[in-house]
Amino acid sequence: MGLVEHESALRASADWKMAKTGAKVRPMSSGRAPDSAADEVRAALGPTLQRFGPDYWREQDAARTFPTAFFDAIGEAGYFGTFIPEAYGGADAGARVASVLVEEINRAGGDAATVNAQMSICRTLVLHGTEEQKKRYLPGVASGDVRFLTVAATEPDSGANMDELASTARRDGDGWVLNANKVLISLAEHTRLMILLARAEEGTTLFLLDLDEVGDQVEMHPIDLVAHRMTSSLFIDELRVPDSRRIGPAGTGLACLMRGFVIRRVLAASEAIGNARFLLDQSIEYAKTRKTFGQLIGVNQGIQYPLVQAYARVEAADMIRWDVLDRVDGGQDAVVRSAMAKVLASEAAWETTRAALTTFGGWGLASEYHVERKLREGTVYVFNNLLMNLIADRGLGLPKK
Ligand SMILES: Cc1cc2nc3c(=O)[nH]c(=O)nc-3n(C[C@H](O)[C@H](O)[C@H](O)COP(=O)(O)OP(=O)(O)OC[C@H]3O[C@@H](n4cnc5c(N)ncnc54)[C@H](O)[C@@H]3O)c2cc1C
């Protein structure tokens, strides 16, 4: 069933909110007039999210496994084609759908990282790929048959500075020879397609690697992180690829990648907002049921105020998230606003995690309440210095190093 039919069928079923929580009203609103694209995604997703509740995610986290059943269910519903034009088998549904999708997955206690990657990384191919590349791969990406989960950019020495890559692409007749060492690369062991950033004579250049073809020439070693992010280091030694593997003109790799960053930031903000709302939902419920000293803990201002502060910050971050989505859909520049949305949402989520820990006390560290897992997952959103640099430079006009 395609996305549209799936959504219509499910919209006709019970209200997703009631189905999911059994509650009369959810404690948090988006603080914004109902958005039909968002409502449709929520209606369609409710039953799937019920099937894959927080305990499913706790098991994936504990076993360090790829969430295959969940990933396939989202693929069957058609969401992987959200940014792919219909001509290549996608739904071309846009940023709002993607944003609500990842928020709702996280709000239900899940982890949208794999879905986010499959939806958004292929945008680089949509925007800059050749007709042959798009026809060959995008329909499979849209259906989920072809996993496209990975961008390999970061290196051990240059870190955040992608202008100083040591990985190289050397012209060799009608093709290229690649040598690369990458670190902290998400989902590399689970993907079929990977975008590799390397330095050619002309400057940074993107290559599309099909690991079904060249996987045995890409050495991978897992890097275990506090959050279950399935990252690896990669080594590529004298790998020859045809020129048809290049994405975009040689020398424009970083610029091509950056064209996708507005969407990636707003999706990261949406994931963080989803996590924060999950933690708020859990904390409010706990504060209303847990008693100490003969009273509900929720009557204490020491419990209430951190939750109130977190709530206010999440709502504010959400408003700027929607502002970015409006700008994206309206074709306006959203570079600085998207950076602000990501910074504000990740900080709001971090503060919410702290409020949740205060609410749950020692039980916040026990895996059965999912707070500790969200604490660990939340660590991946808090690196914002380069976004602050961007806001300082482009938003405030401050002097640049
Ligand atoms: C969970 C996770 C998943 C990741 N997945 C991927 C992936 O799929 N693909 C990929 O290519 N990379 C990935 N990365 C790598 C990530 O992009 C890098 O961690 C990031 O680019 C920074 O590089 P670094 O960790 O080497 O930090 P460094 O570059 O060494 O920086 C260290 C600290 O200094 C700060 N800093 C550096 N320069 C400046 C400056 N000029 N101004 C202010 N502060 C500065 C940084 O913000 C950081 O906080 C992932 C990282 C994590 C944690």
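In this predicted model, the shell around the ligand takes at least three residues from each of domain 2 (148–253) and domain 3 (260–395). The shell numbers 19 residues, and those that come nearest to the ligand are Ala153, Gly159, Ala160, Ser186 and Asn385. Strand E1 (148–152), strand E3 (175–186) and helix H16 (385–395) are the elements that give two or more residues to this shell. Sorted by class, the shell around the ligand has 11 nonpolar residues, seven polar residues and one charged residue.

The domain assignment divides the chain into domain 1 (3–143), domain 2 (148–253) and domain 3 (260–395). Where domain 1 touches domain 3, 26 residues of domain 1 and 27 residues of domain 3 take part in the contact. On the domain 1 side, the elements that give two or more residues are helices H4 (54–63), H6 (95–107), H7 (113–120) and H8 (123–128). Of these, H6 gives the most, with 10 residues. The domain 1 side of this contact divides into eight nonpolar, nine polar and nine charged residues.

Another contact joins two helices, H14 (residues 335–360) and H15 (residues 371–378), whose axes come within 10 Å and cross at roughly 155°. Angles over 145 degrees count as roughly antiparallel, and H14 and H15 are therefore roughly antiparallel to each other. The crossing of H14 past H15 is left-handed. From H14, the residues Ala349, Trp350, Thr353, Ala356, Leu357 and Phe360 meet Val371, Lys374, Leu375 and Gly378 of H15. By class, this contact of H14 with H15 has seven nonpolar residues, two polar residues and one charged residue.

Note on methods. Residues numbered from 1 in each chain as written. Predicted model: local features only at pLDDT ≥ 70, side-chain atom pairs only at ≥ 80, totals over all residues. Axes fitted to C-alpha atoms, helices over the stretch in contact; angles between N-to-C directions. Helix = DSSP H or I, 4+ residues; strand = E, 2+ residues; numbered from the N terminus. Parallel < 35°, antiparallel > 145°, perpendicular 65-115°, else oblique. Left-handed = near helix turned anticlockwise from the far one by under 90°. Contact = placed C-beta atoms within 7 Å. Nonpolar A, V, L, I, M, F, W, Y, C, P; charged D, E, K, R; others polar. Near = placed C-beta within 6 Å. Domains from an automatic or database assignment.
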